[in-house]
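Welcome! Take a moment to look over the sequence and the structure below, and then we will walk through some of the features together.

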Amino acid sequence: MANSLFDFFDSPAPLTIKNRIFSAANAVFSAANAVFTVGGYFRQSIKTHQSYPYHETEVSGSTKERGLRGKLNKVVLAYSGGLDTSVIVPWLRENYGCDVVCFTADVGQGIKELDGLEKKAKASGASQLVVQDLKEEFVKDYIFPCLRAGAIYERKYLLGTSMARPLIAKAMVDVAKEVGADAVAHGCTGKGNDQVRFELTFFALNPKLNVVAPWREWDITGREDAIEYAKKHNVPVPVTKKSIYSRDGNLWHLSHEGDILEDPENEPKKDMFMLTVDPEDAPNEPEYLEIGIVSGIPVAVNGKELSPASLLDHLNQIGGKHGIGRVDMVENRLVGMKSRGVYETPGGTILFAAARELESLTLDRETMQVKDSLALKYAELVYAGRWFDPLRESLDSFMEKISKTTTGSVTLKLYKGSVTVTSRKSPYSLYRQDISSFESGDIYDQADAAGFIRLYGLPIRVRAMLDA
């Protein structure tokens, strides 16, 4: 037997067999060469575009202004004015040779966060800054549907950041269309949930947009690297004091992560909280509020009708004064790790208490149980960034339908961090005092209970007979 192909070709085997084997071997070598070539291309593509290998970077057809990683025409960047996003502007221009349009959404994070943004953006190299006031849309179209659904993630989290991201991403897609951008970018890290929330929205609303996520591409590893990069590119470094916490705020909540909170055993420091007073320092006298609700949506406080954003802002002030809405939890991030966060949601906590209590009057047992089970899935979808997923939209239609009769008012007592329900009423209440009363009535005959119990307990009796 031949020890190698060379021995075989030197053997007296028929020439036709040798030719066939030679042709087959040549085909194998050609296929292998193609695989290595394609593999090399994709390795280079992934190295160049870690965001998405399929990006087409030769948008203009010219390499004259091509960046280090390719060429994009115009990028809309989610911009806050902080160090990270200030550095991203020149990084995008350097690496993709593109024009950068900064976008900022006002979702109630506070006027201080918006001061001087245009000056900062242009000083960083952006061609323009687009700012949109989205507070009313945020509350009406994102917060209130989640409230109506009863969506709470992992028993505690009221989804403050999760609801805001798809709204911001949707606005970015609209701005990209208006300014003729071929790409969008965000400053989310590769460890968090927000990168998913932004990009799933981009996919859903305009899958043709290129997506750039610098934190998954660049060599900057921390604050000092970012400051050094900013100095090198003559970008004015924001002079605001660096917080030891990572925070995200909007009209619904304020979140705190990092520093001592990374150890679940540590109690939060008293001076960390910004929206709520310490319950120990709250007023010694309780305050009563009446929340008016129509079809599961809050519309009034103490009889006064308010716009969605105004209503929530008003309750934030009242709830914060009484230390309402503090939550400390360890949650499961979408990317797999656990993280510890502390949330302040004063107005939201008040509204959830009112909405849930009114449902105790207006929903029957089976409907309430199904709604509660679907609320868990609704919350998971929102947390995972699937706001524009057909399933979330279908669940929302269900929630809207069964909440048609959830109309009425609930009176709450606020006192030193607690929310207590004191009164509830609805024109669609299923509660009947003449039925629930211990007194005899015409509708409910107590003698009927005997037959009901015998039938209801039949499986238990049958099983007991086996052991008799």
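With which residue does R386 form a salt bridge? The partner is D389, and the closest N and O atoms of the two are 2.9 Å apart. As you read on, please keep in mind that this is a predicted model.

## The chain as a whole

Let us step back for an overview. The chain has 468 residues, and 43% of them count as buried. Its secondary structure comes to 15 helices and 14 strands.

Contacts tell us how the sequence is brought together. Taking contacts between residues at least 6 apart in sequence, 72% join residues at least 24 apart.

## Salt bridges

Side chains of opposite charge can pair when their charged atoms come close. How many salt bridges does the count come to here? The count is 23. The pair we began with is one to look at again: R386 is partly exposed, because its relative accessible area is 38%, whereas D389 has 18% and so counts as buried.

Another salt bridge joins D99 and K74, with their closest N and O atoms 3.9 Å apart. This pair links distant parts of the chain, since D99 sits in strand β2 (residues 99-106) and K74 in strand β1 (residues 74-78), 25 residues apart. D99 is partly exposed, with a relative accessible area of 27%, while K74, at 18%, counts as buried. E257 and R333 also form a salt bridge, and here the closest N and O atoms are 3.6 Å apart. They too link distant parts of the chain: E257 belongs to strand β7 (residues 254-257), R333 lies in the loop between β11 (326-332) and β12 (338-344), and 76 residues separate the two. R333 counts as buried because its relative accessibility is 18%. Finally, R165, D194, R197 and D248 are linked in a network of salt bridges.

## Patches on the surface

Which residues form a negative surface patch? They are D219, E224, D225 and E228. Of these, E224 lies in helix α8 (residues 223-232). E224 counts as exposed because its relative accessibility is 59%.

There is a nonpolar patch on the surface as well, formed by I435, I443 and Y444, which together have about 290 Å² of accessible area. You can find I435 in helix α13 (residues 433-436). With a relative accessible area of 33%, I435 is partly exposed.

## Residues to look at in the loops

L159 is placed in the loop between α5 (135-149) and α6 (160-179), and S295 in the loop between β8 (287-294) and β9 (297-301). Is L159 buried or exposed? L159 is buried, because its relative accessible area is 0%. S295, in turn, counts as partly exposed at 24% relative accessibility.

One more loop residue is L306, found between β10 (304-305) and α9 (308-321). L306 is partly exposed, with a relative accessible area of 25%. Leaving aside residues up to four places away in sequence, L306 touches V299, V301, L311 and H314.

Definitions and conventions: Residues numbered from 1 in each chain as written. Predicted model: local features only at pLDDT ≥ 70, side-chain atom pairs only at ≥ 80, totals over all residues. Heavy atoms only, no water. Patch = residues over 30% accessible without salt bridge, like charges linked within 9 Å, V, L, I, M, F, W, Y side chains within 5 Å. Areas by Shrake-Rupley, 256 points an atom, 1.4 Å probe, with all protein chains shown as cover. Salt bridge = Lys/Arg side-chain N within 4 Å of Asp/Glu carboxyl O. Lys, Arg positive; Asp, Glu negative; His and termini not counted. Charge placed at Lys NZ, Arg CZ, Asp CG, Glu CD. Helix = DSSP H or I, 4+ residues; strand = E, 2+ residues; numbered from the N terminus. Buried < 20%, exposed > 50% of the residue type's maximum accessible area, 1.4 Å probe, protein only. Contact = heavy atoms within 4.5 Å.
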